[in-house]
Amino acid sequence: MASTRLGASEMEIFGRILEPERSAWDADAARAILTLGFGRGDEDRMKILLAKAKAGELTPEETAEIDTYERVGHLLSLMKSKARQALKRIQPEGVK
């Protein structure tokens, strides 16, 4: 029996979970997802980590932290993309 290997990265798995074609996302849920974002404290922390990364001064803990921010940012982008797709499906262009 041949097996199909699905991508196993966090983003590939979440992409399959969040498929708007299979989900019951309504317009309000999709719009709510589009309002999500990093808070000021997290934005400030990411700027500090980025400056340290550019200077080659990240500790191993900070490297793990910046990697986590990157993964969360990718997840957030994926969720927003899926929300926009759901809204497009629910409410075609030109219809308000």
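This is a predicted model: local features need pLDDT of at least 70, side-chain atom pairs count only at pLDDT 80 or more; totals for chains, interfaces and linings use all residues.

Residues are numbered from 1 along each chain as its sequence is written, and side-chain values use heavy atoms, leaving out hydrogens and water.

**Confidence**
- The average pLDDT (the predictor's confidence in each residue, from 0 to 100) is 84 for the chain, and 82% of the residues score at least 70.
- Among the elements, the mean pLDDT is lowest in helix H1 (residues 10-17), at 75, and highest in helix H3 (residues 40-54), at 97.

**Architecture**
- The chain has four helices and zero strands; helices are DSSP runs of H or I with at least four residues, strands are runs of E with at least two, and both are numbered from the N terminus.
- Of the 96 residues, 20% are buried, meaning under 20% relative accessible area with a 1.4 Å probe, protein chains only.

**Packing of H2 and H4**
- The axes (lines fitted to C-alpha atoms, for helices over the stretch in contact) of helix H2 (residues 27-34) and helix H4 (residues 60-90) come within 9 Å and cross at roughly 150 degrees.
- H2 and H4 are therefore roughly antiparallel to each other, a term for angles over 145 degrees on a scale from 0 to 180 degrees between N-to-C directions.
- Residues in contact (heavy atoms within 4.5 Å) include Ala27, Ile33 and Leu34 in H2, which meet a set in H4 including Met79, Ala83 and Leu87.

Key. Buried means under 20% relative accessible area, exposed over 50%, partly exposed in between (1.4 Å probe, protein chains only). Angles under 35 degrees count as roughly parallel, over 145 as roughly antiparallel, 65 to 115 as roughly perpendicular and the rest as oblique.
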